Amino acid sequence: MRSERKVSVKDALIRALLQDQNWQVTPAGVVLTRRLRGGTGLGPWRRAGWVSPSRGGVKVYRRVQYKGADLYEHRIVWAALRGRHCPFRTINHKDLNGLNNAPENLELISPAKNMQHARDFYARSGLTAAEARSPRPSPRSRPR
């Protein structure tokens, strides 16, 4: 139940972002904003968000911050270009590249198929899922 509520709040923020005149999504799957960093004035259109690695730094996705919440760019692109998605489906990157948010690279699939895609990704990267999820030791914590 808790995850359902979190998804609905994020989906509401995505809908609000798409209605905001200072945000837009290009047909190529790029989220743009006119807001200047650290200011309230409007500037030229620029790419929004940042690239943030997931656990272990193996998979990376582009995130956008809107009204204090972190939103995945691929979810914004899907909502802008294809409408709402079913809450029982997952938006998947066909080429296993989390930074490629082109509409033709995104697909709506079942969670089981998404897990199979993840296994394929880890098999290609040479890591197991457990190795990718385990935190990497920081250079300071290594014994000398």
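**Exercise 1. Work out how strand S2 is paired and what sheet it belongs to.**

Start with the pair itself: S2, residues 31–35, runs antiparallel to S3, and 3 bridges link the two. Strands here are DSSP runs of E with at least two residues, helices are runs of H or I with at least four, and both are numbered from the N terminus. Two strands count as paired if DSSP finds at least two bridges between them.

Now widen the view. The open sheet holds 3 strands, ordered S1-S2-S3, with antiparallel pairing. Its edges are S1 (23–25) and S3 (42–47), each of which pairs on one side only. On average, neighbouring strands are turned by 20 degrees against each other, direction ignored. As a reminder, strands of a sheet pair through backbone hydrogen bonds, either parallel or antiparallel.

A word on the ground rules before you go on. This is a predicted model, in which local features need pLDDT of at least 70 and side-chain atom pairs count only at pLDDT 80 or more, while totals for chains, interfaces and linings use all residues. Residues are numbered from 1 along each chain as its sequence is written, and side-chain values use heavy atoms, with hydrogens and water left out.

**Exercise 2. Describe where helix H2 lies and which of its residues are buried.**

First, place the helix: H2 (residues 73–82) lies across S1, S2 and S3, at about 80 degrees to S1. Such angles run from 0 to 180 degrees between N-to-C directions, with axes fitted to C-alpha atoms, for helices over the stretch in contact.

Then list its buried residues: Glu-73, His-74, Arg-75, Ile-76, Val-77 and Trp-78. Buried means under 20% relative accessible area, exposed over 50%, and partly exposed in between (1.4 Å probe, protein chains only).

Finally, look just past the helix, where Gly-83 has a positive phi of about 90 degrees.

**Exercise 3. Compare the surroundings of Asp-11 and Gln-65.**

Begin with Asp-11, which sits in helix H1 (residues 2–19). With a relative accessible area of 18%, Asp-11 is buried. Beyond four places in sequence, Asp-11 is in contact (heavy atoms within 4.5 Å) with Arg-75 and His-85. The side chains of Asp-11 and Arg-75 make a polar contact at 2.8 Å. That term requires N or O atoms within 3.5 Å; within protein, one must be able to donate a hydrogen and the other to accept it, and residues adjacent in sequence count only if both atoms are side-chain atoms.

Turn to Gln-65, in strand S5 (residues 60–66). Gln-65 is partly exposed, at 46% relative accessible area. Leaving out residues up to four places away, Gln-65 touches Trp-23, Trp-50 and Asp-70. Trp-50 is 15 residues from Gln-65 in sequence, with 8.8 Å between their C-alpha atoms.

**Exercise 4. Decide where the model calls for caution.**

Take the whole chain first: its mean pLDDT (the predictor's confidence in each residue, from 0 to 100) is 79, and 74% of residues reach 70 or more.

Last, check residues 137–144, where pLDDT stays under 50 and the model has 1 contact beyond four places in sequence. Where pLDDT is low, the predicted coordinates should not be read in detail.
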